[in-house]
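Subject: Structure handover

Dear colleague,

Please find below the sequence and the structure that I am passing on to you. My notes follow.

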Amino acid sequence: MRTLKNILLSAAILIVIVAVLAGYLVRGGFRRFDITPYPVPRPAFTNWNDVLAEPRDISLTTFQTGVVHMDACLNLDPASPRQADCDHVPRDLAVLVHWIHHPRFGDFLIDTGFDDSFAKHPPYGNYTEAMKLFNWANGVTNRQEPGMDLAAQLARLNVHPKAVFFTHLHPDHTGGVPALGPQTEFVFGKAEASFLARAAVANHFQANAKFFSIDFRATPSMPPLGPCVDLLGDGSFWAISAPGHTDDDMAFLINGATPVLLTGDASHFAWAFKTGVGPRGWNDAGTARGRVSLERLRAFARAYPSVRLIYGHEMEHF
Ligand SMILES: [Zn+2]
C-alpha cells in the first residue's frame, strides 16, 4: 500500500515537473497580442487583367539576412508522391527580407529575417528554447555573416520601414523584429497568431508592439487566386491569402514596372513550385489547404507569365 502511494506521488511530481517545463517552453503562447483590424481600402479592382494593365511606381528590393541549413524536403507535403524525387541532402535556404518603397506611402518590409544575434550566437540566434530544441531535433542550423543582419542592411540602404507585412509568423521570418524601431507596425493574417505561433515568435516582439490583422474571410477573391487585399488602395501592393503552411499565410504581389509575385512559404523553392509539391502544414488539414493555395499560385503564374516569381527561401534571381 505504502509502495503504491509512493509510486503515485512520484508520478504526480513527475507530471507536474513535465507540465511546468512544457509550459515554460511555450510560455510565449500565453502572451496576449493586442491586434487591431488592418484598415483595408475600398477595392478598386476586381480582376488581375486590370491590375496588371496599370503598373505603379513602386519598387522591390530583396536581400538575404542569413541561412537556414536543413533537409529542405522536410518543409514539403509528406504525402506527395513527388517527395521521393526531392533531394534530401541538407542545403542552404536563404532567409529573405523584401523592402518595398512607394514614393507616396513610404517604406515597408515583407518579413524581417534575422537580427545580428545569428552572427553573434550561432546556430540558433534569438530563437526561444523550444525553437532551439525543435531545430536541434530536426538537424536544422542557422548561419549569418557579420553585416548581413537586418539592422546593418537597412542602415546601408538608409531605410526606416513604417510597417512589416509578414508572410507568416515563424521565427525565421520574425527574427529581425528586435532590430526595428518601437513605432514599427506589424501586419499578418487574422488567424495567424495562434497559440503555437505566439509560442514560437512572441519573444521577438516588445510588450507594446502594434499589431494589425487582415481578415481574408471578409475579402473578395481575385481568381485564379483566393481572397486578395489591395494594401495601399492604388493597386500597387497586394496581400494574397495562401494558407496551409500556417493558418493564415500570405503571398504578395508588387505591381511595379516588372510585377513580382512573392510566394512566401506557400512555396519554399522553385523545384517545389514547378513540380507542384505543396508546403507541409502543422497537420494534415493544413497540408491539404497548402496544396490548394499552391495550385492557385501556379494557375496565376501560368495565366500571367510576365509576372516574376520569388519563392519563400530561394535567392536564385537577384
Ligand atoms: Zn520560412
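Two strands pair if DSSP finds at least two bridges between them. Helices (H or I, at least four residues) and strands (E, at least two) are DSSP runs, numbered from the N terminus.

The model is a predicted one, in which local features need pLDDT of at least 70, side-chain atom pairs count only at pLDDT 80 or more, and totals for chains, interfaces and linings use all residues. Residue numbers start from 1 along each chain as its sequence is written.

The five-stranded sheet

An open sheet is formed by five strands in the order β9-β10-β11-β12-β13, with mixed pairing. The edges are taken by β9 (228-230) and β13 (308-310), each of which has a single partner strand, so one side of each is left without a neighbour in the sheet. From one strand to the next the twist averages 20°; for such angles, axes are lines fitted to C-alpha atoms (for helices over the stretch in contact), and angles run from 0 to 180 degrees between N-to-C directions.

Going through the pairs, β9 and β10 are antiparallel and share three bridges. Asp-230 is opposite Trp-238 of β10. The two strands make a hairpin with six residues between them, where Gly-233 has a positive phi near 85°. Between β10 and β11 there are five bridges, again in the antiparallel sense, and Phe-237 is opposite Ile-254 of β11. Strand β11 (residues 250-254) is then joined to strand β12 (residues 260-262) by three bridges, and these two run antiparallel. Leu-253 has Leu-261 of β12 as its bridge partner.

Burial and the core

A residue is called buried if 20 or more other C-beta atoms lie within 10 Å of its own, exposed if 12 or fewer, and partly exposed in between, with C-beta atoms placed from the backbone. In strand β10 (residues 237-241), five of the five residues are buried, so the strand is largely enclosed by the rest of the structure. Phe-237, Ala-239 and Ser-241 point one way from β10, while Trp-238 and Ile-240 point the other way.

A nonpolar core is a set of buried Ala, Val, Leu, Ile, Met, Phe, Trp, Tyr and Cys residues joined through C-beta atoms within 7 Å. The largest one has 75 residues, and those touching the most other members are Phe-165, Val-187, Trp-238, Ala-239, Ile-240, Ala-251 and Phe-252. Strand β3 (residues 91-102) gives the most to this core, with six residues.

Two residues are in contact if their C-beta atoms, placed from the backbone, lie within 7 Å. Residues up to four places away in sequence left aside, Ala-251 touches Ile-240, Ala-242, Leu-261, Leu-262, Thr-263, Gly-264, Ala-266 and Leu-297.

Strands β2, β3 and β4

Strand β2 (residues 59-70) runs antiparallel to β3, and eleven bridges join them. Thr-61 has Trp-99 of β3 as its bridge partner. On to β4, β3 is joined by five bridges, also antiparallel, and His-102 is opposite Gly-106 of β4. These two strands form a hairpin with three residues between them.

Backbone points to check by eye

The peptide bond from Pro-122 to Pro-123 is cis, with omega near 0°. Pro-123 is in the loop between α3 (117-120) and α4 (129-137). A cis peptide bond also joins Pro-223 and Pro-224, with omega about 5°, and Pro-224 is in the loop between β8 (210-214) and β9.

Asp-111 is not a glycine, yet has a positive phi of about 65°. This residue is in the loop between β4 (106-110) and α3. Asp-111 counts as buried, with 27 C-beta neighbours inside 10 Å. Asn-158 has a positive phi too, near 55°, and is a residue other than glycine. The loop that holds Asn-158 is between α5 (150-157) and β6 (163-165), and Asn-158 is exposed, with 7 other C-beta atoms within 10 Å.

Arg-298 is in helix α9 (residues 284-303). With 17 other C-beta atoms within 10 Å, Arg-298 is partly exposed. Leaving aside neighbours within four places in sequence, Arg-298 is in contact with Phe-273 and Gly-276.

Regards
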